[in-house]
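Trainee: I'd like to learn how to read packing in a model like this one. Can we go through it feature by feature?

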Amino acid sequence: MVLMVRDTEALVDAALPVARLTALMRLPEGYAAVPGQEARLQQCLRAAIQSVERRTGKILIAREVVLQGTAGGDDRLKVPVAPVSDVIEVQQSVNGTSAAITGATLFDDPHRPTLVLPRIPSTGTPIEVRVMAGWGAWDAVPAPLAQAVLMVAQALDTGTTDDLMPMVEQLIAPWRQRRIGGMA
């Protein structure tokens, strides 16, 4: 069964590393006094975080993620995001009625965690899974991924994304999901 990310909880402004981005960009003190400056940097950081998360399959800052898919006659569900710290809820939809599946076990993997259900749902049954994913606060994000986010955010702000992408790709390459051995 293949789960796909349907929705993620929005990042709160306080979780974004605006101060680190301003230090990297060497912005002068009082930059935030100009209307819209901080909002512009937050928007660049959100886009950069989303870009790195999409390329790596990793959720950087901890938040709730909603996954959806259809049962394929197996009790194992490959979770397309990592790291996953907690399974909040697993539901199946039977004849238009939503029913909780309790007792699911999470087997952690740095690239592709697996969720094992206590019973095999009927083939074709819609499944929705809510998990808590991410490393935690910004300070817990691995340094290469944090640097990649800051570099992408700076490039988005200055409009120089083409020159930076090879360096960003090198930073995130070890964190990408491998597509060999049945993990596609």
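Mentor: Let's start with a term: contact means heavy atoms within 4.5 Å. Leaving aside neighbours within four places in sequence, V149 is in contact with L45, A48, I49, V52, L60 and W138. Some ground rules: this is a predicted model, where local features need pLDDT of at least 70 and side-chain atom pairs count only at pLDDT 80 or more, while totals for chains, interfaces and linings use all residues. Residues are numbered from 1 along each chain as its sequence is written, and side-chain values use heavy atoms, with hydrogens and water left out.

Trainee: How many residues does the largest nonpolar core have?

Mentor: In soluble globular proteins, nonpolar side chains tend to be buried together. A nonpolar core here is a set of buried Ala, Val, Leu, Ile, Met, Phe, Trp, Tyr and Cys residues joined through side-chain atoms within 4.5 Å; buried means under 20% relative accessible area, exposed over 50%, partly exposed in between (1.4 Å probe, protein chains only). The largest one has 29 residues, and V149 is among those with the most contacts inside it. The elements giving two or more residues to this core are α1 (18–25), α2, α3 and α4, with the largest share, nine residues, coming from α3. Helices are DSSP runs of H or I, at least four residues, and strands are runs of E, at least two, numbered from the N terminus.

Trainee: Which residues of α4 are buried?

Mentor: An α-helix has 3.6 residues a turn, so residues three or four places apart point the same way. In α4, the buried ones are L164, M165, V168 and I172. Seen down the axis of α4, they fall within an arc of 120° (taken from the directions from the helix axis to the C-beta atoms), so they line one face of the helix. They pack against α2 (37–56) and α3 (143–158). The face turned away from that buried side carries the exposed residues D163, P166 and Q170.

Trainee: What does a search for aromatic pairs find?

Mentor: A pair of aromatic rings is described by the distance of the centres and the angle of the planes. Rings of Phe, Tyr and Trp (its six-membered ring) pair if their centres lie within 6.5 Å; planes under 30 degrees apart count as stacked, over 60 as edge-to-face and the rest as tilted. The whole structure gives one pair: W135 and W175, edge-to-face, 5.8 Å centre to centre with 90° between the planes. W135 lies in the loop between β8 (126–133) and α3 and W175 in the segment after α4, so the pair ties together parts 40 residues apart in sequence.
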